[in-house]
Amino acid sequence: MIKDPHATAAALLPLVGGPANVTSVAHCMTRLRLGLADRSRVDDEALRAVPGVLGVVEDGASYQVVLGPGVVGRVTAAFEALLAAGGTGTADDRADGDGRYGDGEDGGKTAGADDASVTPAVAPAVTPAADTTADTADALARRGAELKARQKARNATPLKTALRRVADIFVPLIPALIGCGIVAGIAGLLTNLRWLPGLTPALTALSSAFMALIAVFVGHNTAREFGGTPVLGGAVAAVVVYPGVAKVTAFGTALAPGQGGVLGALAAAVLGTYVEKWCRARLPGTLDVLLTPTLTVLVSGLLTLYVLMYAAGEVATAIGTAADWLLTTTGALAGLILGGLFLPLVMLGLHQALIPIHTTLIEQQGHTVLLPILAMAGAGQVGAAAAVYVRLRHDTSLRTTIRSALPAGLLGVGEPLIYGVSLPLGRPFLTACVGGAAGGAFVGLFAMLGTEVGATAIGPSGWALFPLLAGGGWAVTAGVYGGGLLTGYAVGFLATYFFGLPDGAGRPVCDPEKHEPRPADRPGPRPASPR
């Protein structure tokens, strides 16, 4: 656990190449996301060894340090403060107690695993008794890194690049979605209990205001992501939620405020960005100041009103209808498929396509029914990791890795377990998917029976999702979701314990170079010495 975010930020900055190498800073629920000028200046080994770092992820244009929920915001603020000061100080430079950072260059570097795109932080200390197994976690980390690198090369397609850009539009909105979702849950609870009737309308207004204007924020972020002027993107998208659109008729039907939702706002802002770029490339400077913003708002705004809002509204309605039909008609089967396939979707990067779908469902229904089912994949991952921990009892270094990553896994941060444990081992990744499928089928079955489980926000998973649950009564919804988690834990554990590891497991798995079993180095039970 990170106790001093300033010390962590000071340790991270020199390890990513210093202030001159950092081109952008952002964060999501669990990760510090950095834009880097020169990737080769990053010291991956030392980064993974920094206390509190759960892993590192290289995804397209961003380099991401996994820090965990709650912690990442504080470290990001401290990191940005260091960048603003232009300092590269380390934790040791703060020993004088004045709170300022010096110019030390060591950055708290310590030995770690070999270079990897995604690996968990591994505790470097290994007891003498475990010398023969000390390289197991490092070997798995290398193998996970190689698997990720090969997958990343295959994922460098225009479709997946576009999906990453869509994710970058919605990820900054997640903190507001979480905060408003929790407030909405409190308001609903007070309404059901008939407590504080004078306060409930105020809480409802607080929780609903952001969702009523989310199209503006989506437009702003979209324009920024696609290289336009953010405020113009927000201005064009604002027409989607303006009450006056009720007086506009498109395709013979009067429009409704909010029709098309975030999908309409996204399309409107993309269109506005292209109109803006077209104008700036052709208009002289004296006219650019006046005509470019005018034409951007006018052209893209009219097309939004008469085409995009209607089309996006039809798509959004189809998404809601499909989600309801899927769970009420084929709930158990749908849950099994969604819960079982979500980990492969994460590995392929296709899960980012679900973000606007979740947001659309929250806009329409007040919650997304897909997220609790998809969260079961993390439960299967936790169960599989626990089984590996129990079976490989001689692998001290690997067990240390699992112990450090398991709390984050319980809270829905699964990358350290996926790329540091289950995926390099092979079969445990598949058995983790089996656990996720079982948990998803459990939640889906109750949806078929009439007990819908939804989430009022996206981002959290695992135990962290409990405050955001919605559907029927909170107690019933939480009971179903908790039952799904327990099912995922249990099935993931049992499937991995009995089928996920080869016979004779409990010994080092891989040779660091060839990734092949090394019987001579296995620390299993030794034959009794002759008396």
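Predicted model: local features only at pLDDT ≥ 70, side-chain atom pairs only at ≥ 80, totals over all residues.
Me: How many residues of the protein chain count as buried, as a percentage?

Reply: Of its 531 residues, 50% do. The accessible surface of the chain is about 23200 Å², with 66% of that belonging to carbon and sulfur atoms.

Me: Why is a set of residues here called a nonpolar core?

Reply: The name asks for buried residues of the nonpolar kinds, joined through side-chain atoms within 4.5 Å. The largest such set has 73 residues, and Phe170, Ile214, Val218, Val388, Leu465 and Tyr481 have the most contacts inside it. Its largest share, eight residues, is supplied by helix α11 (residues 285-348). Apart from it lies another core of 26 residues, including Ala11, Ala46, Tyr63 and Val72. As a general background, nonpolar side chains tend to be buried together in soluble globular proteins.

Me: Which residues does Ile214 touch, leaving out those up to four places away in sequence?

Reply: They are Leu173, Leu177, Val262, Thr359 and Glu363. A contact requires heavy atoms within 4.5 Å, so each of these five has to meet that limit with Ile214.

Me: How do you know that β1 and β2 pair?

Reply: Pairing takes at least two bridges. Strand β1 (residues 22-27) and strand β2 (residues 31-36) have five bridges in the antiparallel sense, so they qualify. His27 stands opposite Leu32 in β2, and the two strands form a hairpin with three residues between them.

Me: Where in the protein chain is confidence lowest, and where is it highest?

Reply: On the scale from 0 to 100, strand β5 (residues 119-120) is lowest, at a mean of 44, while helix α9 (residues 230-238) is highest, at 96. The chain as a whole has a mean pLDDT of 81, with 80% of its residues at 70 or more.

Me: What contacts does the model have for residues 88-134, where pLDDT stays under 50?

Reply: This stretch has 114 contacts beyond four places in sequence. Residues 507-531 also have a pLDDT below 50, and the model gives them 38 contacts beyond near neighbours in sequence.

Key
Residues numbered from 1 in each chain as written. Heavy atoms only, no water. Buried < 20%, exposed > 50% of the residue type's maximum accessible area, 1.4 Å probe, protein only. Helix = DSSP H or I, 4+ residues; strand = E, 2+ residues; numbered from the N terminus. pLDDT = per-residue confidence, 0-100. Areas by Shrake-Rupley, 256 points an atom, 1.4 Å probe, with all protein chains shown as cover.
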